[in-house]
Amino acid sequence: MSYAGDLTPQDAWAKLEQGAILVDVRTEAEWAHIGIPDTKATDNDPLFIQWNFAGGIPNPDFVEELRQQAPEDTSVELIFLCRSGQRSISAAIAATQAGYTAYNVLEGFEGEPDRYGERTVNGWKNRGLPTNLGTI
């Protein structure tokens, strides 16, 4: 594995309570229309850095934006979150290559689609972890 590992949403929350920082790599549209994780109870605000822009266009400045927003202390663990846990793997790999300790959240923010295509099966939101609707 080329990053620190995968975490369930609940395990990710436990790490956030211990001082890790969440990095949401979804698109601005996803943040605005689906919601965002609420980490106020952990005293660590999440970082919002798009891995891809709308239409799947890669963000060429992802690592630079991460360096600008993440703590200078690269020993602080970063936990990457996307919609389903796939884009966040790539982001965690890139962060690891940049010198960070990076984890991926399995299931992502919305989780897997059910048999009707609705994302109601699992994920951060469906497991009851704190969320906010609206903008960042």
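Accessible areas here come from the Shrake-Rupley method with a 1.4 Å probe; for residues, only the protein chains shown count as cover. By that method the protein chain exposes about 6,800 Å², and carbon and sulfur atoms supply 47% of it.

This is a predicted model, in which local features need pLDDT of at least 70, side-chain atom pairs count only at pLDDT 80 or more, and totals for chains, interfaces and linings use all residues. Residues are numbered from 1 along each chain as its sequence is written, and side-chain values use heavy atoms, with hydrogens and water left out.

Start with the whole chain. The protein chain has 5 helices and 9 strands; these are DSSP runs numbered from the N terminus (helices: H or I, at least four residues; strands: E, at least two).

5 strands form an open sheet in the order 1-8-7-2-4, with parallel pairing; two strands pair if DSSP finds at least two bridges between them. Strand 1 (5–7) and strand 4 (47–48) are at the edges with a single partner strand each, so one side of each has no neighbour in the sheet. Strand 1 pairs with strand 8 (residues 102–105) over 3 bridges. Select Leu-7 to find Val-105 of strand 8 opposite.

Now select helix 4 (residues 87–97). Which of its residues are buried? They are Arg-87, Ser-88, Ala-91, Ala-92, Ala-94 and Ala-95, where buried means under 20% relative accessible area, exposed over 50%, and partly exposed in between (1.4 Å probe, protein chains only).

Last, select Gly-99, which follows helix 4 and has a positive phi, near 105°.
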